[in-house]
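Please read the following walk through a predicted model with its sequence and coordinates at hand, beginning with the aromatic rings and ending with the chain as a whole.

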Amino acid sequence: MSGNGASSSSLNMISGEDVVNNNLTALVVDDSPLLRLLHDIHLKKYGLKVQVAENGKVAVDLFHLGASFDLVLMDKEMPVMNGVEATKELRAMGVTSMIVGVTSKDGPGEQQAFMEAGLDYCFEKPLTPEIISILLEELNKHNKKD
């Protein structure tokens, strides 16, 4: 699976029942209340415990306070601290969570700069239930290895 701008057409599709996991946690980081709500609803359908943050600084602060998440959905363009800065800071702190960039700018240069910050994957927003299902399957595979 390619993390560099992978699309749902290039990934194996799976059913939602295969990825439901009530032990997984997610942090949705986006300055758009609508997108935070949309991603929150999609993730909760799969049984995840979800928390939201309106910018990268809030996300970084949560980790500094001891919070941890299996999955972080990180918007690229946000006020206070953008997704690139937040991702770099989280990785520098040793955060190993799956961080998925979510951006409205889908150009290769945009995604490449975001990926280099330390993302695992990057997709155009909003994430579809199919993409979320694929990401959760990847998380489940990773968790089985631990």
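Counting Phe, Tyr and Trp rings (for Trp, its six-membered ring) as paired if their centres lie within 6.5 Å, one finds one aromatic pair. F63 and F69 form this pair, with 5.6 Å from centre to centre and 70 degrees between the planes, an arrangement that is edge-to-face under a scheme in which planes under 30 degrees apart are stacked, those over 60 are edge-to-face and the rest are tilted. F63 is buried at a relative accessible area of 10%, and F69 is buried at 8%, where buried means under 20% relative accessible area, exposed means over 50% and partly exposed lies in between, computed with a 1.4 Å probe and protein chains only.

This is a predicted model, in which local features need pLDDT of at least 70 and side-chain atom pairs count only at pLDDT 80 or more, while totals for chains, interfaces and linings use all residues. Residues are numbered from 1 along each chain as its sequence is written, and side-chain values use heavy atoms, with hydrogens and water left out.

F63 also belongs to the largest nonpolar core, which has 22 residues, and is one of those that touch the most other members, together with L27, V29, V72, M74 and L90. A nonpolar core is here a set of buried Ala, Val, Leu, Ile, Met, Phe, Trp, Tyr and Cys residues joined through side-chain atoms within 4.5 Å. Two or more residues each come from strand 1 (25-29), helix 2 (56-64), strand 3, helix 3 and helix 4 (108-116), and helix 2 gives the largest share, four residues. Helices (H or I, at least four residues) and strands (E, at least two) are DSSP runs, numbered from the N terminus.

Apart from this core lies another, of 20 residues, with L43, Y46, V50 and L127 among them. L43 sits in helix 1 (residues 33-45) and counts as buried because its relative accessibility is 0%. Leaving aside residues up to four places away in sequence, the contacts of L43 (heavy atoms within 4.5 Å) are with A26, V28, L48, V50, L71, L73 and I132.

Which residues does D75 touch, not counting those up to four places away in sequence? They are V29, D30, D31, G83, V102, F114 and K125. D75 lies in strand 3 (residues 71-75) and is buried, with 2% relative accessibility. An unreviewed UniProt entry annotates D75 as "modified residue: 4-aspartylphosphate"; such annotations may be inferred rather than shown by experiment, and the feature names are shortened, with positions given in the numbering used here.

K125, listed among the contacts of D75, is joined to P126 by a cis peptide bond with omega of about 0 degrees. P126 is placed in the loop between strand 5 (121-124) and helix 5 (129-145). Most residues other than glycine have a negative phi, and most peptide bonds are trans. V80 is not a glycine, yet has a positive phi of about 70 degrees; V80 belongs to the loop between strand 3 and helix 3 (83-92) and is exposed at 65% relative accessible area.

Taken as a whole, the chain contains five helices and five strands, which follow one another from the N terminus as β-α-β-α-β-α-β-α-β-α. Of its 146 residues, 48% count as buried.
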